[in-house]
Amino acid sequence: MPPSTLFALLVVAGSGVAAISLLVLRRTDAQPGRARRLAGPPEFKVGHLVDGELPDRAVRVAGRIRCRDPLEMGDGERLVAFHRDVEVHAGGRWRSIERLRETRSFDLWDHDGSIALDPARTEEPLIVIPSVWRGRVDELEEAHAAAAARVGARHGPPDAARAITRTINVTDRLLVLARPERDGSGRTRLEPPAGGYLISALELDDAMRLLGGRNRRATAGAVVGLAIAIALVAIGGIGALMSALLG
């Protein structure tokens, strides 16, 4: 077998392994990239960032919530973030019929200081345990039923509905991936990294389990598969290039 053909087969094999691995990650709802971004940086308390030397990259900041104007949801529930997605299953996939986002700015604080934060600048989804409702399309409220009918006219009759709600309560302790900076007056602020803040209302171990998806063994295998796929494609691509240059 000519070397060029062997290298081409490595690229094809790597591409196939990558496709299978990505499919597994999608089916398990795993988010290994977000898990790595949240767990990788060092953790700082709010007070250290207020008074101490600032790191030169995004870090994980731990603190509690103080909000003067929270979202009042009834039954004493007070929130700083309310995210709800209502979807119907039509044409072989879930399709959005409502995307509701309500947030309130708050101070992230501990006993040594506080820093203002705007959760509207968060990368979605929030890293919280979601509340999920699943049911029939005819169980939807009138406004949602009308939206479902419009989706059905384009993609075929929907056969299921679901609503996924994620919230952050004022009583939650948060972990926030952010980039600390100081303005001209010397006040510390938390800027979102590329893509937005990562905000978790879970302890780090629990957040890792959530981001690991429904089947952690399958997720681990898929991550290994992606690493193998990258290696195969790199070897095959470099080998094919060298083979072409050397004749």
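Is Glu191 buried or exposed? The views below, taken from a predicted model, start with this residue.

**View 1. Glu191 in its strand.** Glu191 sits in strand S11, which covers residues 188-191. Its relative accessibility is 17%. The cut-off for buried is under 20%, so Glu191 counts as buried.

**View 2. Surroundings of Glu191.** Setting aside neighbours within four places in sequence, Glu191 is in contact with Arg121, Ala178, Arg179, Glu181 and Tyr197. A polar contact of 2.9 Å links the side chains of Glu191 and Arg189. Ala58 is 133 residues from Glu191 in sequence. In space, the C-alpha atoms of Glu191 and Ala58 are 8.8 Å apart.

View 3. Strand S4 spans residues 78-90 and strand S5 spans residues 93-103. S4 and S5 pair in the antiparallel sense, over ten bridges. Glu87 stands opposite Ser96 of S5. Two residues lie between the strands of this hairpin. There, Gly91 takes a positive phi near 65°. In a regular strand, side chains alternate between the two faces of the sheet.

**View 4. A charge over the ring of Trp94.** Arg162 lies over the face of Trp94. The distance from Arg162 to the ring centre is 4.2 Å. How many aromatic pairs does the model contain? With ring centres required to lie within 6.5 Å, the count comes to zero aromatic pairs.

Note on methods. Residues numbered from 1 in each chain as written. Predicted model: local features only at pLDDT ≥ 70, side-chain atom pairs only at ≥ 80, totals over all residues. Heavy atoms only, no water. Helix = DSSP H or I, 4+ residues; strand = E, 2+ residues; numbered from the N terminus. Buried < 20%, exposed > 50% of the residue type's maximum accessible area, 1.4 Å probe, protein only. Contact = heavy atoms within 4.5 Å. Polar contact = N/O pair within 3.5 Å; in protein donor to acceptor, adjacent residues only side chain to side chain. Pairing = 2+ DSSP bridges. Phe/Tyr/Trp six-rings, centres within 6.5 Å; stacked < 30°, edge-to-face > 60°. Lys NZ or Arg CZ within 6 Å of the ring centre and 35° of its normal.
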